[in-house]
Amino acid sequence: MVKLGRTIKLRLYPDTEQAAAFLAMSEEYRRLANIVSQWIFDHGFQLSWLKINHHMYKKIRQESVLNSQMVQSVFRTVVAHYKTVREQMKQHPYRCKDEESKWVQVPRDLTWLVTSIQFHRPQADLVRQSNYSFVDKMQQLSITTLGKRTKLRFTDKGFEKYFTEDWKLGTAKLVHNQGKWFLHIGITKETSDFDAKDNPQIVGIDRGLRFLATAFDSEGKTRFFDGQKILRKRKKLLETRRQLQSKGTKSAKKKLKQLAQRENRWMTDVNHWLAKTLVAAYGSHTLFVLEDLTNVTFNTDDLPKSLRNSHRSWSFFQLESFLMYKAQAIQSAVVKVNPAFTSQRCPRCGLVEKTNRHHETHEYWCAQCQYRCNDDRLGAMNIKMLGQEWLNGIKRPKITKLTAIG
Ligand SMILES: [Zn+2]
């Protein structure tokens, strides 16, 4: 069994009075979060809920109108933040040069923080049933505010299906964004895991530029996911960026930052779309096979210099994580394989030969057995083959280069 986690976002429709009550509550919540955060900072980063409760609960209850459960919720929220930061610091050690000018990594922990974690935005985490619940046959929400509980309307547009399936609702976050109020509810569901013995379909996916992705499946069918539009847009953005960079003014720098943010958002949308499309196209009991691009620098000769940078982007990794996330929900899985020689191996006779690939015509032509095919398709075929090997029990399948006969 595997536990899936999602967040559903409900739009709330408070009246003026309710909105004011929400704001007051989240402002108070934020204020207490900062007090608790400061205490943790001043007391050697004790993240034990019991200790924090013991030292802070009484004092806070005396000076705050937040109810008991909300105060506990503040403790949990602050501790969770510190734990997240602790994890991030662990994953990003400090790099510096030692006396002999060699790069060394120094592990970091919370004591590296120079100030306590600050909570800038008003917020409130609400526990199911105690702080929020659905009432009137799911037509309304009942939410805790400083004084009393209040009932209001909401919409669950786009998230309806999570109310009919067996998802469990968890803690919710009251969110205020550009004058609108939302309730983000964390939900979980237990579902059966991907089973390799279930005779899954195997889909090799080659990620590229000319095609966003090329997929080759167990039935020998190839699907191309067009990347031309994206490539054109990237080129245009690259051009705009270059112009702004050459200006070098303050306003140009600001525009550059906005441009980068816009590009990231847009690429995220593209990846969401692609992951969704792949999952919809192949369905459950599918093994999606991707190249493992960790530690690969994209200095491939295949690419024009101007595009190498965009090729190296985080977007490849993002697609991978989106696909994993969506595959998990439908008893499918993602496996990563060694990318070496996937664009050079002949799927018919197994010969690995770089010169078989003709970049100008986008064709692979085997000098030994005369097998010919589109070069994007070839990559996906070899990746699929490696996925089959993984299913057969080879832990790290990879293509090894054999020399041509004769
Ligand atoms: Zn061949």
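In this predicted model, helix H9 (residues 375-391) lies across S10, S11, S12, S13 and S14, and runs at about 135 degrees to S10. Helix H6 (residues 250-282) lies across S10, S11, S12 and S13, at about 20 degrees to S11.

The strands concerned form an open sheet of five in the order S12-S11-S10-S13-S14, with mixed pairing. Its edges are S12 and S14, each of which pairs on one side only. On average, neighbouring strands of this sheet are turned by 25 degrees against each other, direction ignored. S13 pairs with S14 in the parallel sense over five bridges; within this pairing, Phe288 has Val334 of S14 as its bridge partner.

| Strand | Residues |
|---|---|
| S10 | 201-207 |
| S11 | 211-217 |
| S12 | 222-226 |
| S13 | 286-291 |
| S14 | 333-337 |

The largest nonpolar core comprises 31 residues, and Ile205, Leu278, Phe288, Val289 and Leu323 have the most contacts inside it. At least two residues of this core come from each of S10, S11, H6, S13, helix H8 (315-328), S14 and H9. The largest contribution, six residues, is that of H9. Apart from its neighbours within four places in sequence, Leu278 is in contact with Ala215, Phe288 and Leu323. A second, separate core of 26 residues has Phe22, Leu32, Ile52 and Val74 among its members.

At the level of the whole chain, the domain assignment gives domain 1 (2-191) and domain 2 (196-236 + 265-391). The centres of domain 1 and domain 2, taken over C-alpha atoms, are separated by 39 Å.

Methods
Residues are numbered from 1 along each chain as its sequence is written. This is a predicted model: local features need pLDDT of at least 70, side-chain atom pairs count only at pLDDT 80 or more; totals for chains, interfaces and linings use all residues. Domain bounds come from an automatic or database domain assignment. Two strands pair if DSSP finds at least two bridges between them. Helices (H or I, at least four residues) and strands (E, at least two) are DSSP runs, numbered from the N terminus. Axes are lines fitted to C-alpha atoms, for helices over the stretch in contact, and angles run from 0 to 180 degrees between N-to-C directions. Two residues are in contact if their C-beta atoms, placed from the backbone, lie within 7 Å. A nonpolar core is a set of buried Ala, Val, Leu, Ile, Met, Phe, Trp, Tyr and Cys residues joined through C-beta atoms within 7 Å. A residue is buried if 20 or more other C-beta atoms lie within 10 Å of its own, exposed if 12 or fewer, and partly exposed in between; C-beta atoms are placed from the backbone.
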